[in-house]
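Hi,

Here is the structure I promised to pass on to you. Have a look at it first, and then read my notes below.

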Amino acid sequence: MPTVPVVETAAPGTQPDFHFPPYVSSILRSPRKPLAMLPYTTSERTGPVFGHGIVAAHDNDLTAQHAGEPIGERILVHGRVLDEDGHPVRSALVEVWQANAAGRYHHRVDQHHAPLDPNFTGCGRMLTDGNGYYRFKSIKPGAYPWKNHHNAWRPAHIHFSLFGAGILSRLVTQMYFPGDPLQPFDPIFNSIADEAARNRLISKFDLAASEPDYALAFSFDIVLRGSMDTPFEAVPR
Amino acid sequence: MKLVPTASQTVGPYFRIGLEYLCGSPESNGTTGTTVRGRVLDANREPVPDAMLELWYADPQGHFVAGSQGADRNGRVPGFARIATGDEGQFSFTVPRPGPVAFDKTRLQAPHIEVMVFARGLLRHLITRMYFPDEAANIADPVLQSIPGDRRATLMARRVSSSGESLEWNIVLQGEGETVFFAW
């Protein structure tokens, strides 16, 4: 049997453990048996490419999807999507979703006693440009309670989903805001043991990129696994 | 100096807000082929009604089209599908049977589907593979054969019709019959 080329796993502590009991939902849903090494074959090196067909002009403006403007602090979130070599990941699909300013999601399962905003769905998407750059407009999401433990509150966050050059680069994560007092108490945020890796999920306040008299800006760069220098071409058969 | 990849966080219970627009079996696009039905189950064999699967598979000739021309307006990319589980943890999809995929310059992999699993409770997504039970190439597939024999069957769908075009495959996140997942 030929040896299977495998993918190097993440440096210790830089990714959350699958099983992290302080996050109660992980207890019964995370694998406990030994994981197999991830093969590195054409199946893993390749991945879907989405292109502009699925992104409409206003999909990166979460404040302009309804008749009126949503309640809340307007924000601009921007940054670059890079590979492990620091090269831009171009045309990466970036999908985002979030709670409204009151900390309520536009979702039937969310029963938090806070108002829905008829002018805010909380869903956006975009492609990175030739420099790996993305930018979207939204309102700052509120913190909200959840049932993980007594008096549990999620710090304000925006969910991100990204597709890079292959499925090895696939990433779903959350972006946090600087200075949020709830972060030290949040088991999801603290599931990342490495402090530097954890803190890289906190966006930076970016006064220079803010629009005077209009919106504050936060910057958030994202590093996807893999290297664009390794082309994902078809392997000859 | 390599950059450290950004840490993963759970997709959470509300992913449909942002991700549902791409959800749907290729079946709904008139695809004919092999239908796979199954459920996502937790350690207590309770259904996971808020999971999302993403599939990546080769075309019948064994090539990943990679959507180089991009998705159409409905988000369809050849070889890719995103599927949310239902209230009973169930999912179903129909895909054209993938062909054998290159392993190296001389050898092939048996037809398979790369499957990523996202859910509340999963701080990182899971990666696994589904193989087809009636493929003779399974016996020589380097990845399948590298899995310990007592757990290999978790990657193999089960026939539920004589034609072999209707299959069952459950994803067990933990415990008895736990699916083999790959570390990343």
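**What I found**

Let's start with strand β8(B): Leu126(B), Thr128(B) and Met130(B) point one way from it, Ile127(B), Arg129(B) and Tyr131(B) point the other way, and all are buried. Buried here means that 20 or more other C-beta atoms lie within 10 Å of the residue's own, while 12 or fewer makes a residue exposed and anything in between partly exposed; the C-beta atoms are placed from the backbone. Strands (E, at least two residues) and helices (H or I, at least four) are DSSP runs, numbered from the N terminus. Six of the six residues of β8(B) are buried, so the strand is largely enclosed by the rest of the structure.

Before going on, a word on the source: this is a predicted model, where local features need pLDDT of at least 70 and side-chain atom pairs count only at pLDDT 80 or more, while totals for chains, interfaces and linings use all residues. Residues are numbered from 1 along each chain as its sequence is written, and chains are lettered from A and ligands numbered from 1 in the order in which they are written.

Which strand does β8(B) pair with? β7(B) and β8(B) are joined in the antiparallel sense over six bridges; strands count as paired if DSSP finds at least two bridges between them. In that pairing, Met116(B) sits opposite Ile127(B). The two strands make a hairpin with six residues between them, and Gly121(B) in the turn has a positive phi of about 95 degrees. As background, strands of a sheet pair through backbone hydrogen bonds, either parallel or antiparallel.

Now for chain B as a whole. Chain B has three helices and twelve strands. Its radius of gyration is 16 Å, close to the 16 Å that the globule rule gives for 184 residues, so chain B is as compact as a globular protein of that length. (That radius is taken over C-alpha atoms, and the rule is 2.2 Å times the number of residues to the power 0.38.) Buried residues make up 49% of the 184 residues in chain B.

Next, the place where the chains meet. The contact takes 69 residues from chain B and 77 from chain A, where two residues are in contact if their C-beta atoms, placed from the backbone, lie within 7 Å. On the chain B side, β7(B) gives the most, with five residues. Strand β1 (residues 36–37) of chain A also pairs with β12(B), in the parallel sense over two bridges. There, Phe182(B) is the bridge partner of Ala36(A).

In chain A, six bridges join the antiparallel strands β3 (residues 93–98) and β8 (residues 157–163). Within that pair, Val94(A) stands opposite Leu162(A).

Both of those residues turn up again in the largest nonpolar core: among its 107 residues, Val81(A), Val94(A), Leu162(A), Met52(B), Leu55(B), Val117(B) and Phe118(B) touch the most other members. Such a core is a set of buried Ala, Val, Leu, Ile, Met, Phe, Trp, Tyr and Cys residues joined through C-beta atoms within 7 Å. Its largest share, six residues, comes from strand β2 (residues 51–57) of chain B. Leaving aside neighbours within four places in sequence, Val117(B) is in contact with several residues, including Val40(B), Leu53(B), Leu126(B) and Ile171(B).

Cheers
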